[in-house]
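Here is my note on the model you asked me to look over. Please keep the structure open beside the points as you read.

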Amino acid sequence: MKTERTCTVGKMLFVALVGLIHLQIVQADQAGKSPVKVFILAGQSNMEGQGKIKIDTNRNEGRGSLEYLVKDPATAKRYKHLVDDKGQWVVRDDVWIWYLGRKGGLTVGYGARNDRIGPELQFGHVMGDHFDNQVLLIKTAWGGKSLAKDFRPPGSGGQVGPYYTEMVKLAKDVLANLKEHFPDYDGRGYEIAGFGWHQGWNDGCSMKDTNQYEENLIHFIRDIRREFGNKDIPFVIANSGFGGWKQKIDRRLKIIRSQAAPLKHKELKGTVACVETRDFFRPPEVSPSRQGYHWNSNAETYFLIGDSMGQAMIKLCTGAAVNAGARLRPVELADVKIQDDFWLPRIKINHETGIRHAFEKCDQTGSLANFDKATGVISGEHRGTLANDSDVYKVIEGAAYSLQHHPDSKLEAYVDKLIDRIIAAQQPDGYLNTYFTVKEPDKRWLNLRMWHELYCAGHYFEAAVAYSQVTGKRKILDSAVKLADYINSVFGPGKRYDVPGHEEIELALIKLYQTTGNERYLNLSKFFLDERGYAHGTQRSPFDPNDNSQYDKLSPLVPARAKHRLIRNGRMQDHKPLIEQAEAVGHAVRAGYVYSAMADIASITGDEAYTRVVKRLWEDVVSKKFYITGAIGTAQYGDEGFGDGYKLPNQGAYCETCAAVAYILWNHRMNLLTGEAKYTDMLELTLYNGFLGGVSLSGDKFFYVNPLASKGKRQRRGWYVPACCPSNVVRLFPQIGRFAYAVDNEGIYVNLYMGGVCEFDTKGTTVKMLQKTRYPWDGKVLIMINPQTDSKFSVSLRIPRWVRGRPIPSDLYRFDENSQNKRDWSLKVNGKPLQEPTMQRGYAVIERTWRKGDQIELTLPMPIRRVYAHPNIEADRGRVALMRGPLVYCLEEVDNRADVLDLVLPSDIEFSTEYKDELLGGLAVLHGRSPVAGVSPTKITAIPYYAWNNRSIGKMAVWLREEDKSRLNQR
């Protein structure tokens with residue numbers, strides 16, 4: 001289906017994740033017809049086009065020519081849209097092209113000569129397929145031209161390049177005489193929808209020109225936008241990747257870096273894209289020529305460059321994800337640098353130890369070799385579970401995000417080689433799953449409920465998005481797109497109606513959509529979400545909860561102990577349509593992932609039904625079904641999932657680390673959707689306690705299950721089968737910065753307090769925000785605001801619920817009466833107290849004209865607080881827990897002489913706080929004295945829950961009896 005999302009100046013403005021796109025519409029007639037979408041393509045000989053069309057049997061049997069690609073069974077499917085039923089080249093009437101006087105419907109042969117193609121061919125097909133509007137390509141390109149001289153823009157100073165002048169003149173002449181050039185043009189008006197640029201060889205011949213390239217390119221973009229009266233024309237650059245990844249010449253590599261540089265400029269951010277072309281280089285042995293600087297005349301290369309430029313252009317034009325329903329937008333991870341003493345060491349340990357450890361374990365357990373077996377490089381049986389591929393993908397995702405702020409050439413080279421091994425295992429039709437390729441190739445998609453094919457695919461999509469975004473390398477993203485397109489050919493309206501048992505692909509498809517701008521991935525995600533709770537088959541039809549006949553045929557394939565999983569009992573959130581579900585049930589990780597996807601859909605589309613249901617499900621969890629550590633899941637029904645309301649045992653708590661990750665992701669999306677701080681209150685609680693407790697301080701040992709009491713037999717392990725929790729940990733750590741801030745049209749929201757720097761754009765200026773704090777040990781936060789120019793905007797500071805008298809936004813847990821409803825936090829701006837700051841949705845909002853050097857001082861007192869559970873939580877009756885700031889504390893055997901499971905914390909006991917640099921990486925401990933039957937009071941020590949089990953195996957307790965007479969057993 002063709003779609004269109006555009007921005008009409010003065011009428012419509014869509015706020016996109018990647019920025020604001022303004023598209024100018026001119027000459028619009030009174031009939032209201034959709035204007036022609038105009039894309040200008042410019043550059044030197046590689047934009048002219050040097051991809052050979054005809055087969056030359058004397059040269060590599062014609063390989064690399066367009067005719068060969070169309071006829072070769074291995075590639076014909078990709079190129080079939082270029083020819084009609086009679087084998088003639090297609091001429092499009094919905095895409096026009098003008099190229100230096102040649103004009104007409106888009107077809108082959110608009111290159112430098114009639115027997116060549118350039119990027120325009122597939123670029124035009126992508127644009128025509130995407131937009132309902134008529135599309136016009138204006139191509140101006142001449143060989144042997146540099147940006148330093150021939151295309152030199154006015155902004156660079158000196159003599160303006162003659163080909164810059166000619167390019168602008170020709171484009172304006174065409175637009176002024178559309179009826180003359182295209183008789184079918186009916187005066188509907190046009191809009192300059194985008195600009196494509198592929199050039200750079202000649203500048204790379206001179207070091208002087210090379211050194212100027214970045215500056216010249218930025219001036220070029222600015223001046224082109226000025227020439228056509230629109231400061232935000234989407235601009236796509238295809239870099240000069242000649243020679244592929246083996247290119248070693250410094251000048252050539254610097255040109256490539258310079259071509260990506262505009263993406264980092266704040267004024268251009270979100271309106272410029274750079275396409276990585278090195279993946280498209282084809283060697284002379286499979287090409288029509290050896291002319292390296294013309295891509296060896298390989299038509300496949302030019303086709304792929306055009307395709308990638310088209311996909312990048314769609315992303316810019318649509319904003320990729322138009323967040324119609326979201327109140328806030330995320331700050332990009334690249335713009336947040338964590339530099340504090342709490343999180344930075346942990347993130348570094350994860351980079352230096354955790355990720356490498358995870359890759360080593362994936363290698364030792366055979367997960368990596370499975371890809372080689374699927375390729376046929378080695379022989380042998382598949383090793384591990386059906387979900388093993390996903391663990392590899394999650395570690396790649398973690399490595400990608402870690403490279404964002406910790407460049408590491410060895411790690412990147414390792415991942416590059418691993419990606420090659422993975423892609424080699426991908427089947428010609430796009431399918432990728434080592435278990436079924438190696439062991440049971442005839443059983444694809446046979447048992448979606450149990451066999452994790454779509455789950456693995458989802459994690460591959462997330463890894464591909466992360467790695468391509470951070471490194472600029474498209475190879476893995478192209479592979480992911482190929483897999484996604486194959487899945488889309490199997491599932492969807494009019495095809496197969498079914499859903500995965502383990503959700504994940506739903507939120508991953510949305511990320512793929514946000515990256516590529518291709519709406520088929522958004523639509524497929526929503527298809528999977530909307531199909532839950534239906535019968536599944538060849539059409540969408542009601543589900544009879546008493547009819548499980550469709551699973552009878554699978555019974556012989558499923559062990560007897562697992563047959564109950566085939567029943568629609570809510571384990572997989574498939575017992576009724578999602579929009580009808582009123583309570584969170586089933587597997588907690590799956591639930592967190594599917595609720596995250598629903599929140600994404602609600603943010604993107606403004607779907608009110610989805611918004612209502614994710615709020616309703618969240619309220620159910622926060623009021624009945626989670627632990628004070630922010631963890632979820634009791635496995636009461638043997639499903640790693642939610643139990644009955646208030647059924648929250650301590651020793652028997654499941655609290656899977658993966659569930660904590662899923663809960664963090666869900667709460668983050670809920671904050672963006674609603675703009676309410678309460679969701680970040682829960683995110684923070686889980687992050688500092690339920691999640692952080694899942695990994696050792698050394699970064700290489702993990703908990704799968706996180707109980708709130710232990711008799712001394714629990715310990716972290718180096719790996720698990722399945723390894724979902726360790727791989728989830730290593731991918732979340734480098735993403736923590738993305739949870740710290742959000743923005744809207746009025747300013748920035750500070751969600752988490754951690755030292756470091758955040759850059760963001762607001763009200764036409766770029767702002768650098770510096771945060772200094774010792775949080776969570778100290779509640780003093782200093783924020784320095786440095787806008788490029790004086791500017792009025794708002795800074796909204798989350799005032800944590802724990803400082804406002806309640807640990808969470810429900811009555812499931814409460815502080816002692818003395819801590820409730822106390823206003824003891826304070827706020828200053830440039831040293832002057834704000835007595836009554838404006839409070840909105842849990843944020844203190846400061847709106848003013850900010851100047852460089854302005855400071856905010858936030859003070860959040862951190863007394864030691866006693867926590868009590870709702871009386872319906874039987875396991876915690878008569879018991880008390882301790883919190884300080886966002887941290888939940890526990891008592892561990894190694895610190896206490898008495899049995900911690902038998903200790904008592906009377907209501908009148910007093911605690912003191914001591915910070916110990918040498919203990920467990922540095923932390924604040926709580927000291928007090930507790931009565932023990934028959935002996936004098938004993939000294940007790942409590943440490944943050946996340947730090948337990950890092951010294952020795954021993955007993956541990958979070959909830960302690962408050963009065964000795966209770967004598968309640970830990971449950």
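The points below take up a helix pair, the aromatic rings and one glutamate.

1. On the source: this is a predicted model, in which local features need pLDDT of at least 70 and side-chain atom pairs count only at pLDDT 80 or more, while totals for chains, interfaces and linings use all residues. Residues are numbered from 1 along each chain as its sequence is written, and side-chain values use heavy atoms, with hydrogens and water left out.

2. Helix α10 (residues 343-364) and helix α12 (residues 388-405) have axes that come within 10 Å and cross at roughly 155°, and the two helices are therefore roughly antiparallel (angles over 145 degrees). Axes here are lines fitted to C-alpha atoms over the stretch in contact, with angles running from 0 to 180 degrees between N-to-C directions; helices (H or I, at least four residues) and strands (E, at least two) are DSSP runs numbered from the N terminus.

3. Contact between these helices (heavy atoms within 4.5 Å) involves His 351, Ile 355, Ala 358, Phe 359 and Cys 362 on α10, and Val 392, Val 395, Ile 396, Gly 398, Ala 399 and Ser 402 on α12. Sorted by class, these are 8 nonpolar, 3 polar and no charged residues, where Ala, Val, Leu, Ile, Met, Phe, Trp, Tyr, Cys and Pro count as nonpolar, Asp, Glu, Lys and Arg as charged, and the others, Gly among them, as polar.

4. The structure holds 51 aromatic pairs, that is, rings of Phe, Tyr and Trp (its six-membered ring) whose centres lie within 6.5 Å. The ring centres of Phe 195 and Phe 235 are 4.8 Å apart with planes at 15°, so the pair is stacked (planes under 30 degrees apart). Phe 195 is in strand β10 (residues 190-198) and Phe 235 in strand β11 (residues 235-238), 40 residues apart. Phe 195, with a relative accessible area of 1%, is buried, and so is Phe 235 at 0%; buried means under 20%, exposed over 50% and partly exposed in between (1.4 Å probe, protein chains only).

5. Tyr 749 and Tyr 843 have ring centres 4.9 Å apart and planes at 85°, so this pair is edge-to-face (over 60 degrees). Tyr 749 lies in strand β17 (residues 747-750) and Tyr 843 in strand β26 (residues 843-850), so the pair ties together parts 94 residues apart in sequence; both tyrosines are buried.

6. Glu 857 lies in strand β27 (residues 854-859) and, at 32% relative accessibility, counts as partly exposed. Its C-alpha atom is separated by 9.3 Å from that of Lys 832, 25 residues away along the chain.

Definitions and conventions
Parallel < 35°, antiparallel > 145°, perpendicular 65-115°, else oblique.
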